[in-house]
Amino acid sequence: MAVSLSKGQRISLEKTGGGGLSKVRMGLGWDPAEAPKKSGFFGSMFGGGAAADIDLDASCLLLDAQKNLLDVVWFRQLQSRDGSISHSGDNLTGEGDGDDEVIFVDLTRLPRNVAHLAFTVCSFRGQTFNEVAGAFCRLVDDSNNTEMAKFNLSDKGAHTGVVMAVVSRNGAGWEMKAVGTPTAGAVANDMMPAVLAAL
C-alpha cells in the first residue's frame with residue numbers, strides 16, 4: 001500500500017516482507033489548470049475555460065556524498081552515462097491520466113559513489129505552477145508495479161520548478177524524502193541550489 005507523503009517526510013524503501021529494492025521508477029503527472037471563464041459578450045461567444053498545454057519536465061540529478069553533481073538525466077539526455085537511469089521522453093502537454101513522464105532507476109547498477117538521486121520538475125517554457133493542476137510524483141517498485149509512495153505537488157505560485165523528492169543511500173538500503181520546494185528553473189541544472197538545500 002502506497003504511503004501518501006507530506007513535505008519533509010521520509011520513508012525507508014524496502015520491499016514488503018523485507019529485502020532491498022532493485023528497480024524503481026519515479027512518475028510525474030500533471031494536468032493544465034482550467035483558464036478562468038471570460039465574462040461579457042465575447043466571453044459567451046468564445047467561451048473560456050479551455051486549458052492550455054503545459055510542458056513540465058522531470059529530471060534526475062545524481063550527486064555524491066559530498067553533494068557534487070555527477071550526472072543529470074532529463075529530456076536532452078535520456079540516459080545516465082552509466083546506463084542505470086533512463087527517461088521516458090518529453091511530454092509537451094500533460095494530457096491524459098496517470099504518469100506523464102517517468103524516470104526508471106536500476107538501483108543495482110548505480111555506481112557506489114552515487115549517494116543521492118534528486119528528482120525535480122521544471123518548466124522549460126517558463127509556465128508557472130499557477131497554470132498547473134493535479135501535479136504529483138510517485139515512486140513505484142518496478143519489479144512488481146507496486147506504488148510505494150506518492151506526493152502531491154499542488155502548491156500554486158509563480159514558481160517554475162519544484163524539487164519533488166530525494167532518494168538517498170541509507171546504509172545498505174535507500175530512503176525517500178518528500179521535498180516539494182518551489183524554485184525557479186527552466187532546466188534541471190537551474191535547480192541545484194534548491195537541491196543542495198534539500199539534502
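Visitor: In what order do the six strands of the open sheet lie?

Guide: This is a predicted model, in which local features need pLDDT of at least 70, side-chain atom pairs count only at pLDDT 80 or more, and totals for chains, interfaces and linings use all residues. Residues are numbered from 1 along each chain as its sequence is written, and side-chain values use heavy atoms, with hydrogens and water left out. Strands are DSSP runs of E with at least two residues, numbered from the N terminus, and two of them pair if DSSP finds at least two bridges between them. The pairing here is antiparallel, and the order is β2-β12-β11-β8-β4-β5.

Visitor: Which are the edge strands?

Guide: An edge strand pairs on one side only. That applies to β2 (10-13) and β5 (69-73).

Visitor: How many bridges join β8 to β11?

Guide: Strand β8 covers residues 116-122 and β11 covers residues 161-170, and the two run antiparallel. H116 stands opposite S168 in β11. The number of bridges between these strands is seven.

Visitor: Which residues form the aromatic cluster?

Guide: Rings of Phe, Tyr and Trp (its six-membered ring) pair if their centres lie within 6.5 Å, with planes under 30 degrees apart counted as stacked, over 60 as edge-to-face and the rest as tilted. The count comes to two aromatic pairs. W74 and F75 have ring centres 5.1 Å apart and planes at 70°, while F75 and F124 have 5.4 Å and 75°, so both pairs are edge-to-face. The cluster consists of W74, F75 and F124.

Visitor: How many residues apart in sequence are the parts that F75 and F124 tie together?

Guide: F75 lies in the loop between β5 and β6 (85-87). F124 lies in the loop between β8 and β9 (132-141), so the pair ties together parts whose separation in sequence is 49 residues.

Visitor: Is R138 buried or exposed?

Guide: R138 is found in strand β9. Buried means under 20% relative accessible area, exposed over 50%, and partly exposed in between (1.4 Å probe, protein chains only). R138 has 17% relative accessibility, so it counts as buried.

Visitor: Which side chain is joined to that of R138 by a polar contact?

Guide: A polar contact is a pair of N or O atoms within 3.5 Å; within protein, one must be able to donate a hydrogen and the other to accept it, and residues adjacent in sequence count only if both atoms are side-chain atoms. For R138 the contact is 2.8 Å, and the partner is E147.

Terms used
Helices (H or I, at least four residues) and strands (E, at least two) are DSSP runs, numbered from the N terminus.
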